[in-house]
Amino acid sequence: TASSGLPVRVDLLTGHFDAINVQHKSTCMRDLQGVFSDDAARKALPEDFEVYHVEMLASPQQEGELHTGTTHLMPGKVADEFFMTRGHFHQRREQAEFYFGLRGEGILLLQPENAPAYTEQVFAGSVHHIPSFTAHRLVNTGHDVLSALAVWPVIAGHDYQSLQPDGFRIRVFDRDGKVSLEVAGV
Ligand code: PA5
Ligand code: NI
């Protein structure tokens with residue numbers, strides 16, 4: 001008799017994968033030079049503090065295939081600015097992506113190449129289409145870990161350079177306990 005295979009499991013409360021071949025990438029305070037508006041404040045924090053890490057399933061490295069990974073972003077601030085991912089365009093700008101909020105509270109910053117930046121709230125169960133030609137960054141505005149599952153084309157690639165020095169027009173601050181979206185250069 002035939003039996004059906006055992007798939008990989010994901011814990012939907014945390015985004016942790018139960019699989020043999022999970023790859024991990026850690027991003028620490030020292031890796032985030034120039035990302036926060038107050039870089040002196042960032043430098044004053046422990047350089048080996050892990051701001052976020054990504055766990056990824058192994059994917060075939062060929063056109064048409066998809067990556068699947070969960071980002072775990074710690075709660076915290078650099079001065080008054082909430083912890084966030086570096087953020088990127090895809091090298092192949094036309095490639096889109098999906099994010100799925102699993103736990104915690106945050107904001108997804110979306111920056112189209114030729115249109116104003118906009119945001120979406122991220123929470124357990126939120127679904128986010130990241131369109132073509134749109135840079136994206138997660139911000140943790142809560143008190144707990146923010147975890148989001150992502151699915152994106154293997155050929156997309158990451159382009160971190162095009163956003164420097166201040167390609168994201170919106171920054172997210174804690175102003176007296178309130179989440180404040182602030183547009184740069186206004
Ligand atoms: O593919 C994605 O967009 C995510 O998996 C990100 O790579 C992840 O959130 C880490 O962010 P960044 O690549 O901007 O450091
Ligand atoms: Ni991406």
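**Exercise 1.** Find out which pocket ligand 1 takes up, and how much of the ligand the protein covers.

*Solution.* Start with the space itself: in this predicted model, ligand 1 takes up the largest pocket. Next, look for polar contacts, using a cut-off of 3.5 Å between N or O atoms. Thr-71 has a polar side-chain atom 2.7 Å from an oxygen atom of ligand 1. For Tyr-99, a polar side-chain atom also sits 2.7 Å from a ligand oxygen, and for His-158 the distance is 3.3 Å. Now the cover: on its own, ligand 1 has 370 Å² of accessible area, and the protein covers 96% of that.

**Exercise 2.** Describe the shell around ligand 1: which residues come nearest, and which strands supply at least two residues each?

*Solution.* The shell has 13 residues, and Tyr-52, Thr-71, Glu-97, Tyr-99 and Tyr-160 come nearest. Sort the shell by type and you get 5 nonpolar, 6 polar and 2 charged residues. Then check the strands: S4 (50-57) and S9 (97-103) each give at least two shell residues.

**Exercise 3.** Count the aromatic pairs, then work out why the pair Phe-49 and Phe-83 is called tilted.

*Solution.* The count is 3 aromatic pairs. For Phe-49 and Phe-83, the ring centres are 5.8 Å apart and the planes meet at 55°, so this pair is tilted.

Terms used: Residues numbered from 1 in each chain as written. Chains lettered and ligands numbered in written order. Predicted model: local features only at pLDDT ≥ 70, side-chain atom pairs only at ≥ 80, totals over all residues. Heavy atoms only, no water. Near = heavy atom within 4 Å. Polar contact = N/O pair within 3.5 Å; in protein donor to acceptor, adjacent residues only side chain to side chain. Areas by Shrake-Rupley, 256 points an atom, 1.4 Å probe, with all protein chains shown as cover. 1 Å grid on protein atoms, 1.4 Å probe; cavity = no way out; pocket = protein on both sides within 12 Å on 5 of 7 lines; lining within 4 Å. Sits in = over half its atoms within 2 Å of the grid points. Helix = DSSP H or I, 4+ residues; strand = E, 2+ residues; numbered from the N terminus. Nonpolar A, V, L, I, M, F, W, Y, C, P; charged D, E, K, R; others polar. Phe/Tyr/Trp six-rings, centres within 6.5 Å; stacked < 30°, edge-to-face > 60°.
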